[in-house]
Amino acid sequence: MSKELRGYTEMSRRSFLSVMAMTAGSLVIGIQLQPLAESEARAAGSDPFVPNAWIKIHPSGIYEFVLDKTEMGQGVMTSLATLVCEELDLDLDQLTIVFAGADDRYKTPGFGMQITGGSTSVKTSFIPLREAAASTRFLLVSAAAKRLQVRPEEVQVDRGMLFAKQAPSQKLSFADVCGDASLMPLPKKIVLKDPTRFRLIGKSQKRVDAASKVCGTAMFGIDAKPKDAWCAYVIRSPFLGGTVKTFDPTEAKKQPGVKAVVQIPRGVAVVAERWWLAKNAADHVRVEWDKGQLGDKNHAQIYQVYQDALQNESGKIFTDRGNLKNVSAQVKTWVDAEITIPFAPHATMEPQNGFADVKTDGADLIGPTQGPGLARDIVARNLGFAREQVRVTQTFIGGGFGRRLPQDYLEDAAAISAAVKQPVQMVYTREDDMRHDYFRPGNVHRLRAGLDAQGSLISWQHKMVGPSIMTQLMPLWGPSNMPAWLPKFISSPLANIAADYTAWRNDDGTSTEGAADMEYAVPNMQMEYVIKDVGIPVGFWRSVGHSFTGFVVETFIDMCAHAAAQDPIQFRLDLLQASPRRAAVLKEVAKLANWSTRAEQGRFLGVAQVYSFSSYAAHIAEVEVKDRQIKVKKIFVACDCGLVVNPDQVRAQIESAIIYGCRQRYTTS
Amino acid sequence: MNLTINGKQHQINSANDTPLLWVLREELGMLGTKFGCGKGLCGACTVHANGQAVRSCQLPVSAASSMQITTIESLGTPDALHPVQKVWCELNVPQCGYCQPGQIMSALALLNQNKNPSDSDIDMAMQGNICRCGTYPRIRAAIKQAGKEMHSVSARGGKR
């Protein structure tokens with residue numbers, strides 16, 4: 001049984017490995033192992049052997065793995081532990097796993113920030129983690145070889161034991177030799193296990209966190225409140241983006257258990273001994289609100305703003321291929337569509353929450369964050385601390401899906417704790433959670449395609465209007481990407497300028513991914529995006545831009561296929577001849593679903609294919625329509641996601657994504 | 001006021017109208033039962049009251065004081081899992097895991113009544129438990145498998 005520590009452990013400052021992200025675009029990480037001369041590196045007495053930023057071998061027999069990614073159900077705890085166990089020849093239940101917390105050594109390559117997201121964890125850890133484990137193994141083997149008086153090549157490693165091939169009964173454990181291992185010379189070249197010898201990678205494993213989750217002992221952010229800390233409920237604006245104008249705390253302060261009522265940037269915090277008491281007392285606070293940019297615009301009004309921009313404004317042309325004007329003479333059939341995409345909530349099961357203990361010289365934060373380093377940087381800036389003065393402990397997350405990337409919940413907790421000078425945990429109600437989200441952007445799309453006399457798709461024009469995640473986030477996140485020594489009065493304005501520039505140029509690829517780079521080989525194509533921000537907070541939501549561009553592009557290509565009176569899969573395949581992996585999943589799912597015989601069988605099937613975040617997938621849905629109600633009977637899936645570390649986990653994620661996606665409804669006109 | 005939780009008596013100082021959920025979490029420090037909505041809509045707070053699955057966010061502690069309350073903590077530990085928990089792990093049911101204690105309490109209430117539930121029995125019993133990660137297909141499979149295993153244990157005259 002994998003023993004998970006509660007995640008409070010901070011990375012030992014005596015770890016001397018530096019993990020360096022190489023230049024932009026490269027996913028290579030150079031592991032620099034500093035010379036082991038310092039005596040503090042030696043595992044003496046009870047001190048652990050710490051060969052790199054991820055692995056600690058304790059002389060007591062605990063083998064510790066520092067997980068620098070957040071576990072929110074996507075299974076990285078198990079997958080990344082698998083990589084380590086593969087190279088060390090351990091079983092998964094021999095590892096004790098702790099969360100890393102905020103630490104710049106774990107900045108995700110490509111992002112320049114320590115976050116978990118974008119389907120990058122396994123991909124960016126696959127080589128570095130294995131190299132870390134393999135070099136650790138090398139040192140342990142060297143130490144064992146010396147002790148056993150054999151050559152290193154003669155040492156076998158099996159489930160934490162080292163022994164000579166020729167004398168297998170004389171066994172040493174990792175713990176036995178870890179002291180000596182810290183004195184061994186480093187490998188000149190790190191040799192990874194050959195894939196043909198994989199014991200764990202590529203095989204389904206039982207999740208290492210399942211047992212604690214089914215027992216209710218796994219600690220989520222909401223569970224992380226120290227016993228005597230206070231609890232806060234924040235009264236938030238009924239208008240998105242609204243601010244407090246005035247508030248009267250008099251009656252609330254008289255309620256049982258209430259300690260304080262304080263204003264913070266995002267509302268009025270009622271602080272009490274227990275959250276239930278804080279929440280009840282909040283009913284007694286009178287607050288007057290200033291409406292923000294959004295005001296009280298309703299759904300129709302918001303979308304009217306988009307429609308007006310669709311008609312009247314120009315944006316950034318992301319793709320411009322061929323000549324739309326010239327080709328229109330050859331078009332025999334036009335296909336037109338306007339597609340409206342709603343804002344989508346994350347709706348994580350665990351409501352947003354955060355804990356902060358702010359003192360005069362620093363702060364400790366605990367929360368279900370997807371970005372511990374970000375939380376540290378933002379809260380440090382807010383409170384006027386240096387980054388090193390803020391420590392962030394991360395917990396299990398009861399649903400992420402991108403919601404835990406903005407650090408608002410930790411900002412709120414820190415603001416409250418600073419105001420009342422006590423450790424405080426802040427928890428949202430469900431109502432607040434649904435309303436005060438960073439939504440998957442809602443947007444509008446207008447598409448026009450032209451088919452020639454043969455029914456070939458020769459022109460494709462796509463214009464999109466909607467808010468931009470990056471222009472909202474850059475002011476907050478930008479400074480984290482800049483050197484830590486840049487003072488706030490430089491880094492913040494710089495980030496704001498970058499955001500304004502992005503907005504001015506309508507240049508946010510997170511909105512257009514999947515549409516601008518659509519691979520259907522239409523010879524004449526244009527994709528245009530106009531950024532329109534009405535004041536609704538937006539953020540990353542499972543699959544980001546693809547969550548709507550996938551729908552839009554696949555719906556429209558389907559309309560084109562039907563207009564051309566052609567089979568929807570064949571129509572797509574004809575346009576994907578230069579995209580073999582997309583074509584392959586389409587063909588595979590067609591076979592799986594018996595696509596070709598659907599008419600005879602009286603089955604109604606629909607198809608879509610999307611490439612996003614390094615995976616190709618094609619789905620076929622078998623549906624029934626009765627009294628205008630759609631019932632999804634079955635979903636068939638073909639997915640090409642490259643090398644798979646844990647097949648069952650991939651399957652679980654696909655099942656999860658299908659159900660997550662099925663809950664969204666779209667309208668086409 | 002007295003509360004009987006997992007067979008043990010507790011002296012409670014919370015006000016009578018405090019939902020059991022918050023007494024469990026805030027007064028007794030029993031964090032396995034989760035807060036998801038506070039409106040009886042999501043099932044994350046499910047416990048047993050006299051063997052029936054109830055939403056503890058909707059049960060005032062004054063009403064709970066006359067009942068035998070059972071929480072997730074009574075089922076098992078990672079080193080000694082209840083059969084239902086064991087099957088949940090074997091099938092890799094949990095993802096984020098936040099809803100799972102509530103799911104398991106609802107499932108166990110069903111299985112205690114019926115070790116061989118049909119799909120519609122499962123739909124009925126479990127429809128109040130939401131899972132945002134979408135583990136429903138695996139929950140269904142786990143309920144069926146757990147039912148079989150519990151049935152064969154009791155057929156052999158074993159405990160649980």
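Author: Happy to; below we take the labels one at a time, keeping in mind that this is a predicted model.

Reader: Let's start with chain B. What makes chain B as compact as a globular protein of its length?

Author: First the make-up: chain B has six helices and five strands, in the order β-β-α-β-β-α-β-α-α-α-α from the N terminus. Its radius of gyration is 15 Å, and the globule rule gives 15 Å for 160 residues, so chain B is as compact as a globular protein of that length. The C-alpha trace spans about 45 × 35 × 30 Å along the principal axes of chain B.

Reader: What share of chain B is buried, and what share of its contacts links residues 24 or more positions apart?

Author: Buried residues account for 52% of the 160 in chain B. Among contacts with a separation of 6 or more, 57% join residues 24 or more positions apart.

Reader: Thanks! Now the rings: why is the pair of A:Phe99 and A:Phe396 called edge-to-face?

Author: There are 20 aromatic pairs over all chains. For A:Phe99 and A:Phe396, the centres are 5.2 Å apart and the planes make an angle of 85°. Centres within 6.5 Å make a pair and an angle over 60 degrees counts as edge-to-face, so both parts of the label hold.

Reader: How do you know that this pair ties together parts apart in sequence?

Author: A:Phe99 sits in strand β6 of chain A, while A:Phe396 sits in the loop between β19 and α10, so the pair ties together parts 297 residues apart in sequence. Both A:Phe99 and A:Phe396 are buried.

Reader: And why is the pair of A:Trp541 and A:Tyr660 called tilted?

Author: Here the centres are 5.1 Å apart, with 55° between the planes. Stacked needs under 30 degrees and edge-to-face over 60, so 55° falls into the remaining class, tilted. A:Trp541 belongs to the loop between β23 and α15 and A:Tyr660 to helix α18, both in chain A, so this pair ties together parts 119 residues apart in sequence.

Reader: What makes A:Trp541 and A:Tyr660 count as buried?

Author: Buried means under 20% relative accessible area. A:Trp541 has 4%, so A:Trp541 is buried. A:Tyr660 has 1%, so A:Tyr660 is buried as well.

Reader: Which residues form an aromatic cluster with B:Trp22 and B:Phe35?

Author: A:Tyr233, A:Trp275 and A:Trp276 form one aromatic cluster with B:Trp22 and B:Phe35.

Key
Residues are numbered from 1 along each chain as its sequence is written. Chains are lettered from A and ligands numbered from 1 in the order in which they are written. This is a predicted model: local features need pLDDT of at least 70, side-chain atom pairs count only at pLDDT 80 or more; totals for chains, interfaces and linings use all residues. Side-chain values use heavy atoms; hydrogens and water are left out. Helices (H or I, at least four residues) and strands (E, at least two) are DSSP runs, numbered from the N terminus. The radius of gyration is taken over C-alpha atoms; the globule rule is 2.2 Å times the number of residues to the power 0.38. Buried means under 20% relative accessible area, exposed over 50%, partly exposed in between (1.4 Å probe, protein chains only). Contact means heavy atoms within 4.5 Å. Rings of Phe, Tyr and Trp (its six-membered ring) pair if their centres lie within 6.5 Å; planes under 30 degrees apart count as stacked, over 60 as edge-to-face and the rest as tilted.
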